Amino acid sequence: MYGFVRRAFAKSMGLDDADLARPIIGIAQTQSDLNNCNNNFRELADYVKRGVWQAGGTALEFPTISLGELFIRPTTMLYRNLMAMDTEEMIRAHPLDGVVLLGNCDKTTPAQLMGAASADVPAIMLTGGPHLSGRFRGESLGACSDCRRFWAEYRAGALDEDAMRELEEGINRSDGHCTVMGTASTMAAVAEALGISLPGSAAIPAPDARRLRIAEAVGRQIVETVRQGIRPSDMLTPRAFENAIRVMMALGGSTNAVIHLAAIAGRRGIPLPLDLFDRISRETPYLTNLRPSGTFHMEQLYEAGGVPAVMKELARGGLLHLDEPTVTGHTIGQHLERVTALGTDAASGAGWCGPQRIVHRLEEPLGAQGGIAILRGNLAPDGAVIKQTAVSPQLMRHRGRAIVFSSTSDLAERIDDPALDVAPESVLVLQNTGPKGAPGMPEAGGLPIPKKILAQGVRDMVRISDARMSGTGYGAVVLHVAPEAAIGGPLGLVRTGDWIELDVVNRTLHLEVSDDELGRRRAAWQPPASMGQSRGYARLYVEHVMQADRGADFDFLVHA
Ligand code: FES
């Protein structure tokens, strides 16, 4: 009876028996007028469908939640898990043989990977690609690292309103995700390294016709992936995650990817402790000259060979597990055999690549270690994260007096107060912005430099919080401090005037306050009001979200 009714209703949409006898391929659509980064997915979905039909499948598009980074308040991270649940349940609930995941903006890609990992139906991730580099008075711009840079200059009085309006017109010129090595670029690259995206797909610019062709290829491939019975669980193995972390480190990828990778792995029951990230970072040279740590943008990375060029170089040094499977049925190593070694544009430094290389050889890395370092100490017993490649060299080791802000609203009220007792060597501390504290762990960790410090020409200070930072951000910014302040972590016990010592080289973060004094402060500590959510999704979130070092997923969604 159920099959008969299903067929009858499917036929009302023009599908015939032959269509229904083919592999049914769902296309998880996240195009939304409220998400500029995913704005090319109507067209990409059409090309995926062409590929599916060509290969003998039947393509059916369905909507899920879409999370546009810049339009959602208080933060898209609050809804990443909700989108992951939506994706997982829609895949599981429908009679799909396979699914193509269309994601692009920061949280959409990890949410879809989390959902697909749990549903474990054959799946391919297709990202929408980076947008074109921006233009402003002869400069090539990368949103949103340059949004932050120019905003700081505006706050410092170095740019006027006219310049800001001009920037607004040219900084983001097309569909696509942010073109620097921010979270969206990192997650697209990570999906490729995990083998769940087609090789070479991550860096193709959104408006480039080659992205349409890869979309069509994805459509053909998913039918074949279904026929071969390849599931996410075949690709999402501990060694595949090591590959992904390795690629992320060589790229100078986003700190947010630490959280997202832990969450995706958790969906397959694979622990990714922070110490694993740190070990791989220490072993992996930083190879890719991309902003915010370097100079270039995704467009130029694509011209220099894209993510495969980076992986090929890592493979040459024996730094990848080459026998890991991919959605195509071939291994990572088999795909890389077809990639030419570095040497063409990278060695000559010609054309798009400018005078400097984009992907460096292992023998001449941009840095001896990967982009991210894990810190520990009495201020972060369960770890904290810093993008060491984006730290001003003089702040890699720093000792300073804390200026504490108890929330984002406290920060907004006081950061530019002329009476704020702050100096360039001060350490800015922001509390109660972790997963439960905000709630949703907003990208508030890149605290603005106080105006009066900007006026002194200072553009970086040590900043510490349990929040996240945009992957496009930069500076001496310590993030994801765990346990967070709102559940009684030591970060919540810091007082203005305390001395803090940061040592990125030795991976330590120390609060110079005695245990006795910390005990007294702990006895008087009260949780913030945000912990008392009375209803709805916010309550579910606060009750079940795990700490940053566990991926900030819900405790009931990890693989049993
Ligand atoms: Fe979507 Fe940057 S705003 S990736």
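**Exercise 1. Find which residues are linked in a network of salt bridges, and say how many salt bridges there are in total.**

*Solution.* Start with the rule: a salt bridge is a side-chain nitrogen of Lys or Arg within 4 Å of a carboxyl oxygen of Asp or Glu. Next, look for linked pairs: Glu-88, Glu-89, Arg-92, Arg-267 and Asp-553 form a network of salt bridges. Finally, the count by this rule comes to 43 salt bridges.

Before you go on, note that this is a predicted model, where local features need pLDDT of at least 70, side-chain atom pairs count only at pLDDT 80 or more, and totals for chains, interfaces and linings use all residues. Residues are numbered from 1 along each chain as its sequence is written, and side-chain values use heavy atoms, with hydrogens and water left out.

**Exercise 2. Work out which parts of the chain are linked by the salt bridge of Asp-503 and Arg-397.**

*Solution.* First, check the pair: the side chains of Asp-503 and Arg-397 meet at 3.2 Å, N to O. Then place both ends: Asp-503 sits in strand 13 (residues 499-503) and Arg-397 in strand 9, 106 residues apart. Helices (H or I, at least four residues) and strands (E, at least two) are DSSP runs, numbered from the N terminus. Last, ask about burial, where buried means under 20% relative accessible area, exposed over 50%, and partly exposed in between (1.4 Å probe, protein chains only). Asp-503 has 11% relative accessibility, so Asp-503 counts as buried.

**Exercise 3. Compare two further salt bridges: are the residues of each pair buried or partly exposed?**

*Solution.* Take Arg-399 and Glu-512, whose side chains meet at 2.9 Å, N to O. Arg-399 lies in strand 9 and Glu-512 in the loop between strand 14 (508-511) and helix 20 (515-524), so this pair ties together parts 113 residues apart in sequence. Arg-399 is partly exposed at 43% relative accessibility, and Glu-512 is partly exposed too, at 32%.

Now take Arg-463 and Asp-460, which meet at 2.8 Å, N to O. Here Arg-463 is buried at 5%, and Asp-460 is buried at 8%.

**Exercise 4. Which residues of helix 3 are buried, and what covers them?**

*Solution.* Helix 3 covers residues 41-54. Pick out its buried residues: Phe-41, Leu-44, Ala-45, Val-48, Gly-51 and Val-52. Just after the helix, Gly-56 takes a positive phi of about 95°.

Notes
Expected span 1.5 Å × (residues − 1).
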